[in-house]
Structure formats: C-alpha cells, structure tokens
Amino acid sequence: MALNKLRRLDQNSLGITLPKDDLRIEGLLDEHGDLEGEHHLHIRYIGDGEWTVELVDAIDT
C-alpha cells in the first residue's frame with residue numbers, strides 16, 4: 001500500500017498527490033506525463049478517517 005503525505009498548499013488548504021501511474025491509466029496525462037486538459041474531482045468525507053475521490057465529467061456553474 002502506497003502512502004501519500006498530506007501537505008500544506010496555502011493558508012486555507014491542504015492537499016495530497018495522486019500517483020502519475022494511476023492518472024495515466026485514467027487517460028488524464030499526455031505522452032510526456034503532463035496533465036492533459038482541465039479536470040475536476042469530487043472529494044467526499046465518508047467518516048472515520050475515510051474519503052472518496054471521484055473524477056467528474058463537468059461541474060455545474
């Protein structure tokens with residue numbers, strides 16, 4: 001099981017990294033390993049130290 005460190009991004013937010021291999025499998029990276037396009041994720045707190053992360057097709061504005 002890979003572990004990822006929780007990191008401070010700025011004064012109001014924290015973040016984690018997603019492994020490039022997993023993003024490549026989802027087709028989110030180009031042939032150079034760079035993020036291709038703009039993508040949105042829905043992060044949901046389940047409880048008891050558990051979250052889900054879901055790639056969404058579009059966001060409502």
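Arginine 24 and aspartate 21 lie three residues apart in helix H1 (residues 20–25) and are therefore separated by about one helical turn; helices are DSSP runs of H or I with at least four residues, strands are runs of E with at least two, and both are numbered from the N terminus. The two residues form a salt bridge, with the closest N and O atoms 3.1 Å apart, the criterion being a side-chain nitrogen of Lys or Arg within 4 Å of a carboxyl oxygen of Asp or Glu. A search of the whole structure finds one such bridge. Arginine 24 is partly exposed at 41% relative accessible area, whereas aspartate 21 is exposed at 54% (buried, under 20%; exposed, over 50%; partly exposed, in between; 1.4 Å probe, protein chains only).

The structure is a predicted model, in which local features need pLDDT of at least 70 and side-chain atom pairs pLDDT 80 or more, while totals for chains, interfaces and linings use all residues. Residues are numbered from 1 along each chain as its sequence is written, and side-chain values use heavy atoms, without hydrogens and water.

A nonpolar surface patch comprises Leu6, Leu14, Ile16, Leu18, Leu41, Ile43, Tyr45, Trp51, Val53 and Leu55, with about 1,000 Å² of accessible area together (residues with over 30% relative accessible area and no salt bridge, nonpolar side chains joined within 5 Å). Strands S3 (40–47) and S4 (50–56) are the elements that give two or more residues to this patch. Leucine 55, located in strand S4, is partly exposed, with a relative accessible area of 36%.

One aromatic pair is present. Tyrosine 45 and tryptophan 51 form this tilted pair, 5.1 Å centre to centre with 55 degrees between the planes (ring centres within 6.5 Å, the six-membered ring being used for Trp; stacked under 30 degrees, edge-to-face over 60, the rest tilted). Both tyrosine 45 and tryptophan 51 are exposed.

Technical notes. Patch = residues over 30% accessible without salt bridge, like charges linked within 9 Å, V, L, I, M, F, W, Y side chains within 5 Å. Areas by Shrake-Rupley, 256 points an atom, 1.4 Å probe, with all protein chains shown as cover.
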